[in-house]
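Me: Please take a close look at one helix. Then tell me what surrounds the ligand.

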Amino acid sequence: MRTLTILGSTGSIGTQTLDVVRSNPARYRVGYLTTNRRGQLLAEQIREFSPTGVVAFDPVVAQQLRAEFGSQLEVLEGEEGACTVASRPEVDIVVSALVGFAGVGPTIAAIQQGKRIALANKETLVAAGELITRLLKQHNAELIPVDSEHSAIYQCLVGESSAEIEQLILTASGGPFRELPADQFQHITPAQALRHPNWSMGPKITIDSATLMNKGLEVMEARWLFDVPPENIDVVVHPQSIIHSMVQFVDGSVKAQLGLPDMRLPIQYALGWPQRIPNEYQRMDLPLIGSLAFAQPDFQRFPCLGLAFDALRRGGTAPAILNAANEIAVAQFLDGQLRFTDIPRCIERALERAEIVDSPSLTDILTADARTRADVRRENASTK
Ligand code: NDP
Ligand code: MG
C-alpha cells in the first residue's frame with residue numbers, strides 16, 4: 001500500500017489520478033489533496049477518499065473547507081501548505097499536477113525529501129531543469145514522467161543504455177489548427193483553440209497544444225529527463241496520437257510505445273513502475289485505426305516551437321523567461337485580451353528584452369519568472 005499526495009487533484013491529471021486510485025484500492029491510498037479554487041470538487045474528493053489533509057491555495061476556499069471538514073482533517077493553505085503535504089514522511093509518491101510555474105516550489109519540496117515524483121507539471125523542468133537535475137541526484141529522489149511522450153520514451157529505454165540513444169523522436173498531434181492556412185491564424189478564438197482533437201486536458205495545456213508550445217516545452221522536458229542535447233531531439237507530427245514517442249538508437253533501430261490516447265495509462269505507469277498494473281481500459285484495435293500518418297512540423301505557422309528550441313539552446317534563465325511570458329500570454333488570450341498570433345510575439349519580445357543569467361540558482365529563476373510576468377503585463381497593457 002503506497003500513500004499519495006496529489007498536487008492539483010481537482011485538475012485534469014489530478015482527477016484521472018484519482019480514477020486510477022479508485023480502481024486500485026489495495027495498492028494506493030490518498031494522503032493529501034490540493035486545489036487552487038475548486039472547493040466543491042475537493043469536498044467531494046474528501047468524502048470519497050478520506051485524505052489525512054488537504055490544501056487550498058485560495059485562503060477563502062481554505063476557510064470554507066476548514067468550516068466543513070476542520071474537525072476531521074488538516075486543512076492547509078497556499079504554496080507553503082502544498083510544500084508541507086509534498087514533504088510528509090508517510091507519503092511515498094507525490095503526483096505533481098499543478099499547472100504552470102506554481103508547481104516548481106512543491107515539486108522541489110518533494111525532491112528534498114527523496115520522494116518518488118510522478119511528474120505531470122512539465123513547467124518545473126522547463127523553468128528549472130538544470131537545478132532540478134542536480135537536486136534529484138543530491139537527494140536521491142525519483143522522477144517518473146507522466147507526460148505521455150516522456151512516459152513512452154521512458155518505457156522504450158527500459159533495458160537500454162542511455163549512451164546508445166541517437167535521437168529522441170517526440171510525436172505531436174499537431175493540434176486543432178494543423179491544416180489551417182497561415183492567414184487564418186489571427187482570427188482564432190479561445191473557443192476554437194480549446195477544442196483539441198485527441199485529448200481532453202486543462203485549458204492552459206490545451207492552448208499550448210494549439211500553438212505547439214506544448215511540444216516545445218516537452219522538448220525541454222525531454223532534454224532534462226533523459227540528458228539528451230537539443231540537437232538529438234526531433235519532433236514529428238502524428239495526428240492520430242497512437243505512437244506516443246520513439247527512441248532511435250545508434251544502430252538505426254527505433255523503438256516506439258503505442259496506446260490509445262488515455263492519460264490514465266502513463267499515470268498508472270508512473271505510480272506502479274517498475275511494475276505494470278493490470279486494467280480493463282479499452283484496448284487498441286489496429287485494423288480499425290487503419291493507418292498512421294507522419295509529417296514535419298511547420299515552424300512558420302507555429303513559431304512557438306522554434307522559440308522553445310532557441311531558448312533551450314541559449315540555456316540559463318531563457319527557458320524560464322519563455323515559460324513565464326507564455327503563461328501570461330496564454331491567460332490573456334483566454335481572457336480575450338490578445339490574439340492567438342500575439343502569443344509568440346509576446347514571448348519573442350520577452351526573450352529579446354531580458355537579461356539571461358547562466359547556471360541560475362533558484363533565486364535567479366524566481367526573479368526571472370516574476371520580472372518577465374510583470375514586463376509582459378505592462379507591455380501588453382500599454383499597447384492596448
Ligand atoms: P488543470 O488546469 O486541469 O488542473 C490544474 C490543477 O492545479 C488544478 O487542481 C488547479 O486547481 C491547480 N492550480 C491551478 N493553478 C494553480 C495555482 N496558481 N496555484 C496552485 N494550484 C493551481 O491542468 P492539467 O491537469 O491539464 O495539467 C496539469 C499539469 O500536467 C500541467 O503542467 C500540464 O502541462 C501537465 N500535463 C497535462 C496533461 C493532461 O492531459 N491534462 C497531459 C500531460 C501533461 P483548480 O481546480 O482550483 O483550478
Ligand atoms: Mg504530452
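Reply: Buried means under 20% relative accessible area, exposed over 50%, and partly exposed in between (1.4 Å probe, protein chains only). This is a predicted model, where local features need pLDDT of at least 70, side-chain atom pairs count only at pLDDT 80 or more, and totals for chains, interfaces and linings use all residues. Residues are numbered from 1 along each chain, chains are lettered from A and ligands numbered from 1 as written, and side-chain values use heavy atoms, without hydrogens or water.

Start with helix α2, residues 39-49 (a DSSP run of H or I, at least four residues). Its buried residues are Gly39, Leu42, Ala43, Gln45, Ile46 and Phe49. They span an arc of only 160° around the axis (taken from the directions to the C-beta atoms), so they sit on the same side of α2.

Next comes ligand 1. Look at the polar contacts (N or O pairs within 3.5 Å). A polar side-chain atom of Glu123 is 2.7 Å from a ligand 1 oxygen. For Gly202, a polar backbone atom lies 2.9 Å from an oxygen of ligand 1. Asn36 puts a backbone N or O atom 3.0 Å from a ligand 1 oxygen. The protein covers 88% of the 890 Å² of accessible area (Shrake-Rupley, 1.4 Å probe) that ligand 1 has on its own.

Methods
A polar contact is a pair of N or O atoms within 3.5 Å; within protein, one must be able to donate a hydrogen and the other to accept it, and residues adjacent in sequence count only if both atoms are side-chain atoms. Helices (H or I, at least four residues) and strands (E, at least two) are DSSP runs, numbered from the N terminus.
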